[in-house]
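Have a look at the model first, then read on.

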Amino acid sequence: MLKNYLTIGFRNLRKQGFYSFINVSGLAIGVAACLIIVLFVIDELSYDKYNNKADRIYRINGEIKFGENHIHMATSAAPLAQAMSQDYPEIESAVRFRSHGSYLVKPANGTDNIKEQRVIWTDSTFFKIFSVQILEGNGNTALSQPASVAISKTTAEKYFPNQSALGQLLTLDNKYTAKVTAVFEDMPRASHFHFDILISLMGDWPAAKEAQSTNFLSNNFQTYFLLKTGTDAGAFERKFPGFIKKFIAPQISAALGNDFTMEKYLAAGNKYEFTLTPLLDIHLHSNLKVELEPNGNITYVYLFSIVALFILAIACVNFMNLSTARSANRAKEVGVRKVMGSLRGHLVRQFLTESTLITVVAFLIAIGLAYFVLPLFNSLSAKSLSIPFSNPIFYLSIIAVALVVGMLAGVYPSFFLSSFRPVHVLKGQVSLGMKSGFIRSALVIFQFAISTFLIIGAITINRQLNFIQTKKLGFEKDQVITIHDTYALRPNVQSFKTEATKISAIESATISGFLPVESSDSWRNDNTFWKEGNQPTIENLVSLQNWTVDNDYIKTLGMKIKQGRGFSNEFPSDSMAVVLNEAAAAQFGFGANAVGQKIQTFDGNRPDGSPDPSTIKYWTVIGVIDNFHFSSLKEGITSLGLFLGKSDGSISFRFHAKNSQEVIQSLEKVWKQLAPGQPFQYSFLDEDFGKMYDSEQRLGKIFASFATLAVIIACLGLFALTAFTAEQRTKEIGIRKVMGASVSSIVVLLSKEFGKLIVIAFVVAAPLAWYAIDWWLKGYTYKTEIGVMVYALAGIFCLLIAWLTMGFQSIKAATANPVKSLRSE
């Protein structure tokens, strides 16, 4: 029986070639898109699962709110890991990370440095907690000695090709020599951190000294706990307020005065809390300050999953629509079968077999499409996805989904077609019925409502990205080139700036590692200050980004002075001066009279590392600059102060040359003269700014691509339905033409029914899109205005595409010779 079903199914596929092509191609495109999105979602959900103890690993996060300052951070204090491990038996082990940015690295006997970005300082417990395979050395002891490093396999092959790296020496930043005590396998791609060099936190190097601090008020370390089996993380988390009261409150009290109590602090609406984030939640559910790497976003996973279902649904709707629409052509077949004794169940199985056959063919084509399109998707999404052809589960899943989709897509058409009564159909009394027409109309509305929704979403994302790129930032990002790692020039940093400014295309230059973009090469530092004359109470403290810059910083980056002046060599007292941004001036309460005011902070620490209230340092405000964005537009502009000093992480040059390559070559020539053997690294400030929104740009491109696919699939179905409608009304069109109807009137007649459905689809989609857009844009403090025109453009675009799709078939039917359609009458 099955063989008979398949034979008839293939026969119908060949007989109705045009409609079979529409069904198969639409479904194949939909399934291919769905498959790619499923691979993306599976990859996003797989992060950190390579760790054998992943279910017991947690990161501790901090949330601090005092006054107008509110900080969510992925870091904690250096002594916290040891203190908690001693006080709480729930902790089996702990590990800390401390980042100091990139390093210049070379073999101890080498001459040329290589810049390494993926470097971290960590504890010797790293390999006990995370499941990173050791290739050489002993993971339990690898980082237990001062000046020791563990390196990845790729790094070992880079610096010590064709030899063992174990026991070899590396020089870091031209001043630290470290011994390789272990080589580990490259960290899996699906990990929320990727390190090539692990430096021991033992010893007396700068980060190692930080690790020995007893200051609970300086939060610079990412801390992870391995909890004992059976530990209730929620119950453990509820103990943290007691820890804060025991260890942190006394140090705050010592700095702010003995009248400080945690109870008063919290009662005033302030907050000091620790929370735990499970390791498996970090990649998709964490977006805090000082993450080890940019994370994913669970919202995008949900969004793309919904888009995949939408696209697959549109493809399935095409099948259902065409199957029911062409039911009249198979009515006599159904009648004859029933007269010959075929039961309704047999007919249902026949039609379900045909739908499943189409689905299986579509799935096979879809796998091929996905294979060829996947490299393009990888370039858009910054992924390395591949189809798991070697995994048996993949084939089982494809077969199962193909059968399910085939059944679901064919269930309504099969029951509808098998319900025809033979006494009617054999007399030619076949009506597709009001119910069938209503369902087809509803499905067309569903298709184009989804398409309109996706188009509005794509337009919105594109407008927000354009808004970000064109918004006035408070500094001039264009025509600025930044040379990184300029500390490698020491002691010739100033000489490099001086020589480089002699290049005719260079207008000005500034030495500072603090740049108004978020990148691995841009430094950040913050501290608490208060206004002169006030006491350092919680209400008076201001969390201030304090950036060390030189005299030319404001000029080179095109910042605008609102009050007073910038730094100048003509005023030696500027060494004790500060330039605030508007946000800081407002938070200190200076208003329009900031110049001449003084701010102060603690300038020393107690033996335990906490601030020493007896050491207070003052700075005089000499100017106020306009607010400028130095973090993502998702965040507001916070208080910032510029301080005069040495910060030789980078040198930025403003230039006016049309050919930037000439400027780069000239700068590189000067660099090689002053720093032979040191890597010349540069970037353009506007490009660095754009990289802050890489994820949004990728989202926009991917969303636009899938919106286009949805429209194409919907139009394929509409094209076929229009063709079928024209075919069914051939004689009517012939009579109308004989009676004098024009081509345009016939085109309108054939198209207006579907045109109404497109308008209804827009009415359905618009409010849903508005709600989704409003929700997405809430993630941005600064956002574009989405007016009525966006919705109007999307509606007009959908209607235009639909009319063009219908127009071809309508014009073809309207221009046909009526003699051919009426000659049998």
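Start with a pair of residues: threonine 510 stands opposite serine 652 in β24. Before going further, note that this is a predicted model, where local features need pLDDT of at least 70, side-chain atom pairs count only at pLDDT 80 or more, and totals for chains, interfaces and linings use all residues. Residues are numbered from 1 along each chain as its sequence is written, and side-chain values use heavy atoms, with hydrogens and water left out.

Strands (E, at least two residues) and helices (H or I, at least four) are DSSP runs, numbered from the N terminus. Two strands pair if DSSP finds at least two bridges between them. In general, strands of a sheet pair through backbone hydrogen bonds, either parallel or antiparallel.

| Strand | Residues | Partner | Sense | Bridges |
|---|---|---|---|---|
| β15 | 480–484 | β24 | antiparallel | five bridges |
| β16 | 506–511 | β24 | antiparallel | five bridges |

Put together, you get an open sheet of four strands, in the order β16-β24-β15-β25, with antiparallel pairing. β16 and β25 (682–684) sit at the edges with a single partner strand each, so one side of each has no neighbour in the sheet. From one strand to the next, the twist averages 20°. Angles run from 0 to 180 degrees between N-to-C directions, using axes fitted to C-alpha atoms (for helices, over the stretch in contact).

Two helices go with this sheet. Helix α17 (residues 493–500) packs on the sheet and touches β15, β16 and β24, its direction making about 170° with that of β16; contact means heavy atoms within 4.5 Å. Helix α20 (residues 660–674) lies across β15, β16, β24 and β25, and runs at about 30° to β15.
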